[in-house]
Amino acid sequence: MPYRRPPSVQARLDARRDRVLEAAVHLLSREGYGGCSVAAIAAEAGISTGSVYQSFSGKSELAAALFRTLVARELEAVAAATERPGGAAQRVAAAVETFAYRALQAPRRAFALLAEPADPAVDAERLLFRRAFRDVYAGQIAAGVACGELPAQSPELTAAALVGAIAEALVGPLADGDAAPGDVIPGLIAFTLRALGGHDAADA
């Protein structure tokens, strides 16, 4: 029979893993991936380096888990934004606004997640989550096309283009670290509406 840890032991292991991840979140938010060595994360968590390796096999696994933890929160917020009242174009615009606003509120962390050179395991996670964000947008675009609100188009292609363009447009402001949402987000929303085949109020 396979060995099973007692529930109390598993609970302690899970709590330590969560502690390590939250320490890594705080460190990434201040210093980016460059400052997230295993030793630095252990110090931030107030535990030994060996204890970190009891929760993660190495830096690659820890870096990927850190990325998943943070980006899953962003994906959840973006998906929730698409549930707001309005048409498909407005829901996609709301998702873009949510994504950009949250990024600009934490520029160091967002830059690390979007663009900072990192472990290859993080690059693999970036690709997976880009597809996940694409799918959120694509679902709304497909609904808009189906009901005649949006012109005929490939929802997946348009959504992928939006994900890439919005991320690229944010890299500069995030690198600067002091961009105000009001200076960036209106332009992103106007771009999104035009890309979907609609129009912004400024077009009138």
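## Asking why: helices, core and domains

Tutor: Welcome! Of the 204 residues of the protein, 42% count as buried. Keep in mind that this is a predicted model.

Student: What makes a residue count as buried here?

Tutor: A residue is called buried because its relative accessible area is under 20%. By that cut-off, 42% of the residues qualify.

Student: Which secondary structure does the protein have?

Tutor: The protein has nine helices and zero strands. Read along the sequence, the pattern is α-α-α-α-α-α-α-α-α.

Student: Why are α1 and α4 called roughly perpendicular to each other?

Tutor: Set the value against the cut-off. The axes of α1 and α4 cross at roughly 75° and come within 10 Å. Angles of 65 to 115 degrees count as roughly perpendicular, so α1 and α4 are described as roughly perpendicular to each other.

Student: Which residues meet where α1 and α4 are in contact?

Tutor: From α1, the residues include Val 20, Leu 21, Ala 24, Val 25 and Leu 28, and among those they meet in α4 are Leu 62, Ala 65, Leu 66 and Leu 70. By class, this contact has nine nonpolar, one polar and four charged residues.

Student: What makes a set of residues a nonpolar core?

Tutor: Its members are buried residues of types such as Leu, Ile and Tyr, joined through side-chain atoms within 4.5 Å. The largest such core here has 58 residues, and Leu 28, Tyr 33, Ile 41, Leu 66, Tyr 137, Ile 141 and Leu 170 have the most contacts inside it. Among the elements that give two or more residues to this core are α1, α4, α5 and α9, and the largest share, 10 residues, comes from α5.

Student: How do you know that this core lies between the domains?

Tutor: Domain 1 (1-56) and domain 2 (68-203) both give residues to the core, so the core lies between them. The domain centres are 31 Å apart, taken over C-alpha atoms. The contact takes 10 residues from domain 1 and 12 residues from domain 2.

Student: Which residues does Leu 28 touch, not counting residues up to four places away in sequence?

Tutor: Leu 28 touches Tyr 33, Cys 36, Leu 66, Leu 70, Arg 108, Arg 109, Ala 112 and Leu 113.

Student: And how many contacts join residues at least 24 apart in sequence?

Tutor: Among contacts between residues at least 6 apart, 67% do.

Note on methods
Residues numbered from 1 in each chain as written. Predicted model: local features only at pLDDT ≥ 70, side-chain atom pairs only at ≥ 80, totals over all residues. Heavy atoms only, no water. Buried < 20%, exposed > 50% of the residue type's maximum accessible area, 1.4 Å probe, protein only. Helix = DSSP H or I, 4+ residues; strand = E, 2+ residues; numbered from the N terminus. Domains from an automatic or database assignment. Contact = heavy atoms within 4.5 Å. Axes fitted to C-alpha atoms, helices over the stretch in contact; angles between N-to-C directions. Parallel < 35°, antiparallel > 145°, perpendicular 65-115°, else oblique. Nonpolar A, V, L, I, M, F, W, Y, C, P; charged D, E, K, R; others polar.
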